[in-house]
Amino acid sequence: MTTKNSEVIILGIESSCDDTAAAIIRDGFILSNVVSSQKIHEEYGGVVPELASRAHQKNIIPVVDLAIKRAGISKKDISAVAFTRGPGLLGSLLVGTSFAKGFTLASNIPLIEVNHLEGHVLAIFIKEKEKSTDHPAFPFLCLLVSGGNSQIILVHDYLRMEVIGQTIDDAAGEAFDKCAKVMGLPYPGGPHIQKMAMSGDPHRFSFAKPRIAGLDYSFSGLKTSFLYFLRDNLKEDKNFTENNLSDLCASLQYVIVEILMNKLRKAAKQTGIKGIALAGGVSANMELRNSMHNHAKRYGWNVYIPKFEYTMDNAAMIAITGYYKYLKGEFAGQDSVPFARTKL
Ligand code: KG4
């Protein structure tokens with residue numbers, strides 16, 4: 001195995017769910033970021049694991065090829081390959097893992113395994129050419145909100161993170177998606193709820209917030225009470241959902257953001273930390289972003305939010321994590337296997 005000393009070029013591979021992605025990062029700067037999203041799942045209202053693995057198998061080579069071409073480098077310039085080891089769908093993860101192993105074996109370069117969640121947190125460190133981006137100083141807090149996770153993470157260093165609060169049941173993204181589904185909105189529901197909410201009244205309907213101790217979250221109660229609320233109103237008016245869609249979306253979005261921010265505020269107070277980052281797919285939500293900026297003004301927080309394309313599942317975040325692991329010489333063996341469930 002060879003390691004190259006001068007510049008470090010990492011190929012990142014992400015295949016944990018329904019996006020096949022590849023990215024190239026040179027010394028922390030992004031050179032290319034390619035994502036192929038699988039549309040096939042829309043008609044099923046959620047990701048179908050078997051279809052996802054098959055689509056990854058079809059997409060992985062063209063996606064990697066495009067990432068290398070767009071980066072303007074050649075295969076032999078790559079210093080190491082970083083891949084998502086988990087958490088995610090096992091069949092999907094196997095495609096990226098096997099590809100990364102094959103590539104590193106053929107090129108005789110190091111293989112680096114990356115925890116998908118760590119990748120989401122480190123997305124904030126991706127640098128862009130000719131643009132000075134502001135990065136948080138350690139330690140900072142990160143609110144990681146996606147389709148599978150809602151966590152408050154205390155980030156001590158690039159590769160040293162501590163979960164100080166997390167959901168005990170559903171994730172915030174799941175609450176968006178499942179409530180969207182009962183309103184007949186397409187999958188994934190989060191962006192559709194945000195769009196409808198723009199013309200709605202966030203205070204028209206109120207939904208109970210969970211009472212969970214400490215810094216943990218819970219979203220399953222909200223989902224159930226939303227479902228029962230719709231069911232009861234539909235008995236009186238069969239067009240209740242369509243007639244009140246904007247207000248329903250605005251009220252739901254309002255309460256989800258309130259729940260997320262209440263615990264984040266508590267965590268900031270408890271730790272005395274004012275550097276706060278946002279990560280994961282739900283951080284694309286404008287109401288959540290606005291609330292972060294309002295908190296920044298009110299509580300003197302320094303807020304860090306990655307660019308939109310680095311909040312959703314992507315390989316640039318895997319490549320940047322791979323870069324920091326490369327600098328520390330944290331390499332994986334060819335016997336590395338994916339994990340459907342892993343923690344930080
Ligand atoms: O991190 P991510 O791309 O992947 C998974 O964890 O699967 O997050 C996807 C989640 C979905 O639940 C989606 O509905 C949610 O992020 N999401 C949003 C928005 N954009 C994506 N939720 C609320 N508002 C948005 N604008």
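**Close-up views of cysteines, ligand shell and aromatic cluster**

C249 is buried, with a relative accessible area of 0%. This value, like the others in these legends, was computed from a predicted model.

**View 1. Cysteines C249 and C17, neither within bonding distance of another cysteine sulfur**. The cysteine sulfur closest to that of C249 belongs to C179 and lies 9.6 Å away, which is too far for a bond. For C17 the closest cysteine sulfur is likewise in C179, but at 19 Å, so a bond is again ruled out by distance. C17 is partly exposed, its relative accessible area being 22%, and a search of the whole structure finds zero disulfides, a disulfide being counted when two cysteine sulfur atoms lie within 2.5 Å.

**View 2. The shell of 18 residues around the ligand**. Those that come nearest are G147, D177, Q194, G281 and N285, and the shell as a whole divides into six nonpolar, ten polar and two charged residues. Helices α4 (172–182) and α5 (189–197) each supply at least two residues of this shell.

View 3. Of the 550 Å² that the ligand exposes when taken alone, the protein buries 89%.

**View 4. An aromatic cluster formed by F125, F138, F140, Y158, Y323 and Y324**. Across the structure there are 17 aromatic pairs.

Methods
Residues are numbered from 1 along each chain as its sequence is written. This is a predicted model: local features need pLDDT of at least 70, side-chain atom pairs count only at pLDDT 80 or more; totals for chains, interfaces and linings use all residues. Side-chain values use heavy atoms; hydrogens and water are left out. Rings of Phe, Tyr and Trp (its six-membered ring) pair if their centres lie within 6.5 Å; planes under 30 degrees apart count as stacked, over 60 as edge-to-face and the rest as tilted. Buried means under 20% relative accessible area, exposed over 50%, partly exposed in between (1.4 Å probe, protein chains only). A residue is near a molecule or strand if one of its heavy atoms lies within 4 Å of it. Accessible areas come from the Shrake-Rupley method with a 1.4 Å probe; for residues, only the protein chains shown count as cover. Helices (H or I, at least four residues) and strands (E, at least two) are DSSP runs, numbered from the N terminus. Ala, Val, Leu, Ile, Met, Phe, Trp, Tyr, Cys and Pro count as nonpolar, Asp, Glu, Lys and Arg as charged, and the others, Gly among them, as polar.
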